[in-house]
Amino acid sequence: MWRFIRSHSSHRSVWDPANDLELALYASVFGNNFLHYGYFPELPVDPETISLATVRRAMNDYASLLVERVQPAERALDIGCGMGGLLARLCEVGVRATGLTPNLAQADHIRATWPDIPIVNSTLEAAPGAGLQPSFDVLVNAESFQYIDLHSGMATVRNLFAKDATNPRWLCVDYFRLNEGARNKSGHLLLAFEAALAQHGFAVREQVDITENVLPSLAYGRMLARRLALPLVRFSVDKFFLRRPFLAYLFHEWSVRKLDAVKLDTLDPDVFRRDKRYLLYTLAPR
């Protein structure tokens, strides 16, 4: 029991990958190994026309944006590699890819699924101490740099390029806040990110705004939450209290108020469009 309590209170993934809730959810819902937004080259008008197959294709198209910017035989590090979907895509085209993740369950999942792909189980900042050498032509952050400190992260990225790299570059695709007052605080402030790039000596070779192309992912998630998830929760709550009148007397009205108060602003495309930009950068050290 003591080991059980310690492992639950540590806030770390210590379970077998088969039992990791995040892996199980994504594997069962999407049937792939991606943990990012989808990229929709053609924008759907109505989220109800989107299917799971459409989302899977969009997630693969998102990975293609990065794969097409890496050349065969180049040495690439996928920072925050998630479940390894991008790593597998890179290896398919002949890239010598290595994965980096601080999540133990994700690292074990990748090792079991693609045993030939090198995996380092560490944060980016601690990676050099974990044995990761400056041996890469390309470093990739696919919706993962938002979790990394700006300055220590950029300094570490610079130090991981190989000395013999002829075309060193950093591919960073993520969303950024436009102002401090954004309702959802996730993502770096765009102005701070751009200032840090200049401070750490990165030149912007390419900046592509893909905000509109990823927003259908949010619209689809919001539609599922409003049309499926919340109604199912309400149904389950009402059914539970229907046969438990005493508990219903104590808690039913409170439960209904809580459900009615649920906001889906984080899945609202208009809120995202107002507060954030989803950008694809190709960056080169000066």
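Glu143 is buried, with a relative accessible area of 13%. Buried here means under 20% relative accessible area, exposed means over 50%, and partly exposed is what falls in between, using a 1.4 Å probe and protein chains only. Where does Glu143 sit? Glu143 is in the loop between strand 4 (138-142) and helix 6 (150-159). Helices (H or I, at least four residues) and strands (E, at least two) are DSSP runs, numbered from the N terminus.

What you are looking at is a predicted model, where local features need pLDDT of at least 70 and side-chain atom pairs count only at pLDDT 80 or more, while totals for chains, interfaces and linings use all residues. Residues are numbered from 1 along each chain as its sequence is written, and side-chain values use heavy atoms, with hydrogens and water left out.

Back to Glu143. Its phi is near 60°, a positive value in a residue other than glycine. Ala73 also has a positive phi without being glycine, and its value is near 80°. You will find Ala73 in the loop between helix 3 (52-67) and strand 1 (75-79). Is Ala73 buried or partly exposed? Ala73 has a relative accessible area of 45%, so it counts as partly exposed.

Now the whole protein. There are ten helices and seven strands. The C-alpha trace spans about 75 × 50 × 35 Å along its principal axes. Of the 286 residues, 47% are buried. The accessible surface is about 15,400 Å², and carbon and sulfur atoms hold 56% of that surface; such areas come from the Shrake-Rupley method with a 1.4 Å probe, and for residues only the protein chains shown count as cover.

Next, contacts, meaning heavy atoms within 4.5 Å. Take the contacts in the protein with a separation of 6 or more: 71% of them are between residues 24 or more positions apart.

Phe193 lies in helix 7 (residues 190-199), and because its relative accessibility is 0%, it counts as buried. What does Phe193 contact, leaving aside neighbours within four places in sequence? The partners are Phe145, Leu150, Met154, Trp170, Cys172, Phe176, Tyr281 and Leu283.

Axes are lines fitted to C-alpha atoms, for helices over the stretch in contact, and angles run from 0 to 180 degrees between N-to-C directions. Angles under 35 degrees count as roughly parallel, over 145 as roughly antiparallel, 65 to 115 as roughly perpendicular, and the rest as oblique. Helix 6 passes helix 7 in a right-handed crossing; right-handed means the near helix is turned clockwise from the far one by less than a right angle, and left-handed means anticlockwise. From helix 6, Leu150, His151 and Met154 meet Ala192, Phe193, Ala196, Leu197 and Gln199 of helix 7. By class, this contact has six nonpolar, two polar and no charged residues. Nonpolar covers Ala, Val, Leu, Ile, Met, Phe, Trp, Tyr, Cys and Pro; charged covers Asp, Glu, Lys and Arg; the others, Gly among them, are polar.

The crossing of helix 3 and helix 4 is right-handed. Helix 3 contributes Asn60, Ala63, Ser64, Leu66 and Val67, and helix 4 contributes Leu86, Arg89 and Leu90. That contact divides into five nonpolar, two polar and one charged residues.

At what angle do they pack? The angle is about 165°, and the axes are 9 Å apart, so helix 8 is roughly antiparallel to helix 9. The crossing is left-handed. On the helix 8 side, the contact includes Val233, Arg234 and Phe241; on the helix 9 side, it includes Pro245, Phe251 and His252. The residues of this contact are nine nonpolar, two polar and three charged.

Last stop, Val262. This residue is in the loop between helix 9 and helix 10 (269-275), and at 36% relative accessibility Val262 counts as partly exposed. Val262 and Leu230 are 32 residues apart in sequence, and their C-alpha atoms are 8.9 Å apart.
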